[in-house]
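User: I would like to learn how to read a protein model. Please take me through this one.

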Amino acid sequence: MNLLEVKNLNIEYVTQEGILNAVEDVSFTLKQGESLGLVGESGCGKTTLAKSIMRLLPKNGRISSGEMIFKGEDIVKKNNEEIRKLRLKEIAMVSQSAMNALNPVYTVGEQLIEGIRAHSNMTKAEATKRAEEVFEIIGLEAKRLKSYPHQMSGGMKQRAIIAMALTLNPSLIIADEPTTALDVVVQDKILNQILQIQKQINSSMVFITHDISVVSEICDTIIVMYGGKIMEKSSTKTFFKAPYHPYSLGLQNAFPSILEISDELISIPGSPPNLMKEQKGCRFQARCPFRTELCQNELPKLKEVDKEHFVACHYTEDINTFRRKAKKRETWKHVQERLILEDRGDE
Ligand SMILES: Nc1ncnc2c1ncn2[C@@H]1O[C@H](COP(=O)(O)OP(=O)(O)OP(=O)(O)O)[C@@H](O)[C@H]1O
């Protein structure tokens, strides 16, 4: 059964320079218990998409069209009071910035228990018991509930935030780069704990990261975003075995942990498009080694190349050649040279 169904979602920011289209025509579904990895470089719209599910967009951000059907009801149409009830109880967010949301003048336990009580009808004793339980699951001793935020390390605080998000067994967890600022060993441990809890309470998860190797470890499905649009979506297993989009091929080259020993680490030259400017053709065309005139002029539709595997590229039938060429440094060097030439032409 689908827990969340996002349909043709468009999100824009109103800025002094004009309208910025941060998320464009995004559609996907999330089943109960499924974990979805949302990946892409900085600025491709991941956080905007995640915040919109919680209806936590900044003041200048707005959902201009589309639907987000959660448990049969459209989140986009809900009023503030209805949304407040959904947050934490049904949909919880874990993010790096949440660490700063801990109030320094209250103990972590007071904040956690207060949060539980505000969203449930538990007594103080019941809420305390629940707080102790989740602390244990997340690897913190119950006595830590009495600590103030400044008495905890970064890793402990992040665990406390995760505990807060998960106390009420939400149906959907949105984890936005939850561990990026922590060292790799702690990161790994915390990711595993999130995963363990997610499985235990059978909640669904949207996991946002720029690091596709993490997605290969913990997610069932993957969506690759670029310039506010979906480039590719499929099961994680299929994606890492047989990626299609040239951007996905480039991303895979850039992550050492998913490369075979013989593969080279190659980054994609250039940077994502400026979304303030009007976009024409495929969003990735400027950096794509395989682009043609068609790519520069016509936006490719997301099409199904295999069961439940969708790709937005005009040339999916050339995939074998693309996969072979994308592994070569030369291929990307040409893109670099082309970008330099185009840059000169612009001056
Ligand atoms: N409050 C805002 N006002 C105007 N533009 C914004 C605002 N927040 C984000 N943007 C723009 O929207 C686009 C998408 O940003 P978003 O933060 O969603 O991307 P992201 O993929 O999550 O990046 P990151 O990994 O850096 O968080 C970017 O072009 C960004 O500059």
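**Reading the model**

Analyst: Start with one residue: Lys 199 is part of helix α6, which covers residues 184-200. Helices (H or I, at least four residues) and strands (E, at least two) are DSSP runs, numbered from the N terminus. The model is predicted: local features need pLDDT of at least 70, side-chain atom pairs count only at pLDDT 80 or more, and totals for chains, interfaces and linings use all residues. Residue numbers run from 1 along each chain as its sequence is written.

User: Is Lys 199 buried or exposed?

Analyst: A residue is buried if 20 or more other C-beta atoms lie within 10 Å of its own, exposed if 12 or fewer, and partly exposed in between, with C-beta atoms placed from the backbone. Lys 199 counts as exposed because it has 12 C-beta neighbours inside 10 Å. Across the 347 residues of the chain, 38% count as buried.

User: How far is Lys 199 from Ser 35 in sequence and in space?

Analyst: The two are 164 residues apart in sequence, while their C-alpha atoms are 9.5 Å apart.

User: In what order do the strands of the open sheet lie?

Analyst: Strands of a sheet pair through backbone hydrogen bonds, either parallel or antiparallel. Here two strands pair if DSSP finds at least two bridges between them. The open sheet has 8 strands with mixed pairing, in the order β6-β7-β8-β3-β9-β10-β12-β11. β6 (91-95) and β11 (303-306) are the edge strands; each has a single partner strand, so one side of each lacks a neighbour in the sheet.

User: How many bridges join β3 to β8?

Analyst: There are 5 bridges between β3 (residues 35-39) and β8 (residues 204-209), and these strands run parallel. In one of the pairs, Gly 37 has Phe 207 of β8 as its bridge partner.

User: Which residues are closest to the ligand?

Analyst: A residue is near a molecule if its C-beta atom, placed from the backbone, lies within 6 Å of it. The ligand is surrounded by 17 residues, the closest being Tyr 13, Ala 22, Ser 42, Thr 47 and Thr 48. Two or more residues of the shell come from each of β1 (2-15), β2 (18-31) and α1 (46-53). The most come from α1, which gives 3 residues.

User: How many helices and strands does the chain have?

Analyst: The chain has 12 helices and 12 strands. Along its principal axes, the C-alpha trace spans about 65 × 45 × 45 Å.
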